[in-house]
Amino acid sequence: MLSSFLSSESGLSSGGTISGDLTISGDLTVSGGGDFSYSEVITGDMHITSNVAGAADIFHIKADDGGNLFRVGKDDSDDGYVELFDGSGNLDAKIDTSGVSYFNGGNVGIGTDSPSAAKLEIHGGAYDTSLIIKGSGANTGIKFIDSAGNVDGLIYADSGEIGLLDDDESWGIR
């Protein structure tokens, strides 16, 4: 119905502008390869569906200079991702449901909105609930690696014993 109005009554079948308010009751489908721009508030639910088979960027928010700010997409298996960019267009944060996720834009806080002491800062919890590291078997640990990729040492827990291992993974302190 809208398409017949746009082509026959308004002359907008090949582009143009509608001045004033436009109310659409029901579904609105926008197709084609162009941009869809608006500067109004959308109330209610907004659903964006990709009709592209395979990998695709589904939703973008761009800065006034055309650079990426935020992007949502999917891979060939329909596994989703969310990406955040800085003002220079660098991809700084990515959450990928089937691949590598990372944050490269500063410090991360859990339990705080102002992490400043380290790349990861955790606030709150008692001594036994602030951080839990769970291994896949009877043992687990934390490995410390320098910027050249060399192992500096480990904190290791094995069947109730805990200790420090040195760089060749021998017990330093048990």
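Lys-74 is buried, with a relative accessible area of 9%; here buried stands for under 20% relative accessible area, exposed for over 50%, and partly exposed for what lies in between, with a 1.4 Å probe and protein chains only. The structure is a predicted model, in which local features need pLDDT of at least 70 and side-chain atom pairs count only at pLDDT 80 or more, while totals for chains, interfaces and linings use all residues. Residues are numbered from 1 along each chain as its sequence is written, and side-chain values use heavy atoms, with hydrogens and water left out.

Apart from neighbours within four places in sequence, Lys-74 has contacts, meaning heavy atoms within 4.5 Å, with residues including Ser-50, Val-52, Ala-53 and Gly-54. Further along the chain, its contacts include Asp-79, Gly-80 and Tyr-81. Between Lys-74 and Ser-50 the C-alpha to C-alpha distance is 9.0 Å, although 24 residues separate them in sequence.

Lys-74 also takes part in a salt bridge, joining its side chain to that of Asp-78 at 2.9 Å, N to O. The term salt bridge is used for a side-chain nitrogen of Lys or Arg within 4 Å of a carboxyl oxygen of Asp or Glu. In general, side chains of opposite charge can pair when their charged atoms come close.

Across the whole structure, five salt bridges are found. One of them connects Arg-71 with Asp-57 at 3.8 Å, N to O. This pair links distant parts of the chain, since Arg-71 lies in strand S2 (residues 68-74) and Asp-57 in strand S1 (residues 56-62), 14 residues apart. Arg-71 counts as buried at 16% relative accessibility, while Asp-57, at 38%, is partly exposed.

Another salt bridge brings together Lys-94 and Glu-83, with 3.5 Å from N to O. Lys-94 is in strand S4 (residues 91-96) and Glu-83 in strand S3 (residues 80-85), so their pairing ties together parts that are eleven residues apart in sequence. Both partners are on the buried side of the cut-off: Lys-94 has a relative accessible area of 17%, and Glu-83 has one of 5%. A network of salt bridges links Asp-57, Arg-71, Glu-83, Lys-94 and Asp-96.

Attention now turns to a sheet. Strands of a sheet pair through backbone hydrogen bonds, either parallel or antiparallel. In this model, an open sheet is built from four strands in the order S8-S9-S10-S11, with antiparallel pairing; two strands pair if DSSP finds at least two bridges between them. Strands S8 (139-145) and S11 (171-173) are at the edges with a single partner strand each, so one side of each is left without a neighbour in the sheet. On average, and with direction ignored, neighbouring strands of this sheet are turned by 35° against each other; the axes are lines fitted to C-alpha atoms, for helices over the stretch in contact, and angles run from 0 to 180 degrees between N-to-C directions.

Seven bridges hold the antiparallel pairing of S8 with S9 (residues 151-158). Two residues lie between the strands in the hairpin of S9 and S10, where Ser-159 takes a positive phi near 50°.

A nonpolar surface patch of about 710 Å² is made by Leu-131, Ile-133, Ile-142, Phe-144, Ile-155, Ile-162, Leu-164 and Ile-173. Patches consist of residues with over 30% relative accessible area and no salt bridge, where like charges are joined within 9 Å and nonpolar side chains (Val, Leu, Ile, Met, Phe, Trp, Tyr) within 5 Å; accessible areas come from the Shrake-Rupley method with a 1.4 Å probe, and for residues only the protein chains shown count as cover. S8 and S10 (161-165) are the elements that give two or more residues to the patch. Ile-162, in strand S10, counts as exposed at 57% relative accessibility.
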